[in-house]
Amino acid sequence: MSGQSSGCGFLMSVVVHGDSALNEQENELNQQLRRLYPAVNELETPLPRSWSPKDKFSYIGLSQNNLRVHYKGHGKTPKDAASVRATHPIPAACWDKHSYGYHGDDGHSFCSSGTGQPYGPTFTTGDVIGCCVNLINNTCFYTKNGHSLVCDLTNHLSIFVCPQPNLYPTVGLQTPGEVVDANFGQHPFVFDIEDYMREWRTKIQAQIDRFPIGDREGEWQSMIQKMVASYLVHHSYCATAEAFAKSTDQAVHEELASIKNRQKIQKLVLSGRMGEAIETTQQLYPSLLESNPNLLFMLKVRQFIEMVNGTDSEVRCLGGRSPKSQDSYTGSPRPFSSPRHKASGSQAYLTGFDGGCCNGVMSSKAHPSPHSHKPCPPGPALLAPAAELSSLNGSHSLQQPNASTDVDMEVDHFTNGVTESSSNGFFNGTSKHGAQTEDCDTDMEVESAQSKRQLCGGSQAAIERMIHFGRELQSMSEHLRRECGKNSVNKKMLKDAFSLLAYSDPWTSPVGYQLDSIQREPVCSTLNSAILETHNLPKQPPLAQAVGQAAQCLSIMAHSGSGSCAFAAVDDYLH
Amino acid sequence: AYCLLTSHIEVTATSRHYVDRLFDPDPQKVLQGVIDMKNAVIGNNKQKANLIVLGAVPRLLYLLQQGSSSSELRAECAVVLGSLAMGTENNIKSLVDCHIIPALLQGRCMLTVCVTPCQDPTVIPHLMSLLSRSQRTQEYITQIFSHCCKTPEHQTVLFNHGAIQNIAPLLISPSYKVRMQALKCFSVLAYENTQVSMTLVNVLVDEELLSQVFVRMMQRDQPIDMQLTAAKCLTYMCRAGAIRTDDSCIVLKTLPCLVRMCSKERLLEERVEGAETLAYLMEPDVELQRIASVTDHLVAMLADYFKYPSSVSAITDIKRLDHDLKHAHELRQAAFKLYASLGSNDEDIRKKITETENMMDRIVSGLSESSVKVRLAAVRCLHSLSRSVQQLRTSFHDHAVWKPLMKLLQNAPDEVLVMASSTLCNLLLEFSPSKEPILESGVIELLCSLTQSDSPALRVNGIWALMNMAFQADQKVKGEIVRALGTEQLFRLLSDPDSNVLMKTLGLLRNLLSTRPHIDQVMSSHGKQIMQAVTLILEGEHSIEVKEQTLCILANIADGNTAKELIMTNDDILQKIKYYMAHSNVKLQLAATFCISNLIWNEEDGSQERQDKLRELGFVDILHKLTQASDPNLCDRAKTAMQQYLA
């Protein structure tokens, strides 16, 4: 596997005969290395931290935590030199062909060949020599006592390095008694590498900022408007989408009724009323679930979970409460919800961005035009969400959605070529926002549905219904396996859902996260995408796709050794 | 502002008349109107306020900025504006509100305002007090200061008015423009000014040392203009002695920053400024020169400075060609300056420079460029490299650099002449293979004329070159030198007020008076004058070096066959020699002893008589004492002399 790119990373500096290296806190080193190699995930591609006791000549001795190298004796002839290399390469693989070096005795530089050419000053006892590989312009330069020996790219002395090979920091020694101490980032470097990195960060960012957008006037703007409109439509923000389309003079490519239907289904899913959601879907899109048994299975599993939760309409009825009055969902799907989850394992994730959008949509929808929702036939009662939200929010802080669970789950989803490191960073920045909004919704449900949090809302009849439903689900799963073959995803899904019953308090159990209303979002998003597909509409909004594509690009750049990705994070551009 | 003022100021008819006249179609009448207005407003705050209310300021500004206005009219307008600015705070505010400052900052009128601040002591405090008003006034006023501050006196005036304390806080202003102008102001204030620089190092801005603020401004993510100007500030502070040359902020920050400014990635203007500033920074310090010479392959990087306009620019883009042409001279002179500075002390660096692609050819063509600036810089570079014995023997000769150098000496401004003649001195050193062809080119006349210059530097170089030329030269050359210079001029130079000139003239005499036949020949024709001059110098108030040189001349004369007698028959001189043998300075004792040793040398005719005479005069006793001297050289010399008596 090829390594990740480090942008520009300082390999090391060596002190010939320098002071002994002190043992620094491991943590500090970790932090320092993270700063020096911004796009590197050490779990995947460990960084060099010391000399390798394995990859060395026998005349080489190591000490000081494998940071000090000394030459123990003569080789076959006094001219024989010996070398040692670091434990890990600089992430970005061909040790034999591509090697680069700087010799102290003559100041010559060696590039993939045994003959050197005059490069810089000679160095000797007491000098600190550094080596920096810049994976943005694929060059390498050395430093002496903190002074850089960079040269113009047009200069014949420029050292161009192959972007692919693993470069191992290596030192060679020839004189008996010679000692070299290495610093892989344990100590501050004499050369101001941070300043060098600052310059490159600025360069990359300027390049992004100056990137030419569209030749013709207005083209760029209309494209942005289309993206926003399609995003609103995708998530069924009817009123906003309508208003936006009107003010930007665009056509909406889906009928309003269709949008509203999707909106209705989404609301049901997000409020945990899965039975009704399934029913409505079958009613409005008769062939959809029939032709898509895995989707139906997923919905049913979710329904089972909602039953355990006491939120599904079927168990609610049995609890003796009218679904209408019990329902307290905000009336519009939580706007951040669907996009937080990609439809079907591809790269549609859009979070930070979403957070911003969601706020605007919420208020415009809830306050000035609640009536626009009235025509929705059997829709849940439309409360004034903002007012309730705030008061409820103030009095309840019981259930805090676990942000880390959230992230874990997200990460699990990214099996499709998106590296953990980049997706992690991406989500961390935004989960907070999601969590805040989440609070309100969760609280509201807690208030109405399960202030005591009992299994299936506490009704014995409901529990029986749930058990019965579970059996149906089990047989559906077996049926599905016979028809379509094994499906590990389905199997795990069902196993996890059933595990809920193994605990006296499912909510605090290790599988309790499933009960969290935030888990409704991927289900909602998947269902929404499936409906859109039947209408030949994209299953993801172009906006989410663009953001996902940008993140994926960066990840591919990192894997292919293109260094500039280290200084460009999608997050920096999502505010 | 106008409304506010009209409420309590009565506009009189006379005031209106002044303003109306500014609109007269006849320029002559307008001029007279402005002059009358000037006389009317002096010392009259009320009148000033009236005129401002009536809208005189925009009209005056218009006239000031009009290309068709005569310079007389423009000057008068500026004076009136300056006068209006001298009124109340409100008046100044009105002027600033009219955007007077940006207008004044453009073009020639600036000059008028420039002189005012330093002539009129009240303007500066006014401007200082305006600094706190707004970011705009901060930006403009600091800009005025940087533009106006042209001399050390200006620096002192601003310094005494608290410029440093007032401007330092602006370095951390939220506005980039303000920070930048404040920074520029400091670079102008600190330039070659020890007082300012010494104060600056101790200034704190928000509990941070100013030098650290400058270091932060040099960070690589800062705009280039800011990095460069901050580097200038630190350079000037360092050259003024306020920061040591081995301070890390110089060695690890300023120097690398300036080297980066020379990179191909920078704009041509930035590369020029970067190279010039770097040359200035390291001029006196060999360690900085060594570091710079290896940093980022600077020596090779500078070679690119000679490639403008490039062949590509000529073909692709006429605008670029124009731009390149405009900067080509500046780039070349900056590169020459930096090479000169880099090579001024270290032999290895000089070697590296001369080995740079086409370096010597570039210098040679630089010497004959039309731009004086380039010629001067090229000759400075050549001068720096001419300090290398190896280069004089090799590249200098191979490229016949003496030819363009001689041409340059024919007709050049004094500053070029000083450098060129100084370089010539090195080319005339005896081991230099260029010495012969230079002699044949008829350089003597030219050098002699230099000795008559008003500039001491040129006189020194002229006589120095002649001195080098006379060293171990044949009789013909020496004769030519004496003839061309003329004894009169030679003796005039021996009484030159500049001790360097005197030293080199004595050096020339000493070189002329070497090898016996030459000594006798010169002394037979000029003996009398030379002895006279020697006497005068030995009696006069001169440095040890001058006296030593003079005694060495006497020693040379004492080595002649016939010339000896000029000393032996001159009791006065003999007494002087005796005096110096007993002097407290060993060098003088040694030179005087050498002289006596030559006089009593055994193998020569008449040595017995001379020995006898000198014994009578008490020289033997002195020599005897000197054999006990603590200085081994002096002791040996005295013993050798004593042996002449024993043989």
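Predicted model: local features only at pLDDT ≥ 70, side-chain atom pairs only at ≥ 80, totals over all residues.
Residues are numbered from 1 along each chain as its sequence is written, and chains are lettered from A in the order in which they are written. Local features need pLDDT of at least 70 and side-chain atom pairs count only at pLDDT 80 or more, whereas totals for chains, interfaces and linings use all residues, and side-chain values use heavy atoms, with hydrogens and water left out.

Helices and strands are DSSP runs, numbered from the N terminus (helices: H or I, at least four residues; strands: E, at least two). Among the buried residues of α3(A) are Met227(A), Tyr231(A), Leu232(A) and His234(A), where buried denotes under 20% relative accessible area, exposed over 50% and partly exposed in between (1.4 Å probe, protein chains only). After α3(A) comes Ser236(A), with a positive phi near 60°.

In chain A, 3 strands form an open antiparallel sheet in the order β6-β7-β8, with β6 (100-102) and β8 (117-118) as edge strands that each pair on one side only. Strands count as paired if DSSP finds at least two bridges between them; β6(A) and β7(A) (residues 108-111) are joined by 3 bridges, and Gly101(A) lies opposite Phe110(A) of β7(A).

Over all chains, the structure holds 38 salt bridges, each defined as a side-chain nitrogen of Lys or Arg within 4 Å of a carboxyl oxygen of Asp or Glu. In chain A, Arg198(A) and Asp195(A) form one such contact at 3.2 Å, N to O, and these residues are separated by about one helical turn because they lie 3 residues apart in helix α2 (residues 193-209). Arg198(A) is partly exposed at 25% relative accessibility, whereas Asp195(A), at 8%, is buried.

In chain B, the closest N and O atoms of Arg459(B) and Asp496(B) are 2.9 Å apart in a salt bridge that links distant parts of the chain, 37 residues apart, from helix α33 (residues 456-470) to the loop between α35 (487-493) and α36 (499-512); both residues are buried. A salt bridge also joins Asp559(B) and Arg516(B) at 3.1 Å, N to O, the two residues being 43 residues apart. Asp559(B) is partly exposed at 24%, as is Arg516(B) at 31%. Finally, a network of salt bridges links Glu199(A), Lys203(A), Arg220(B) and Glu265(B).
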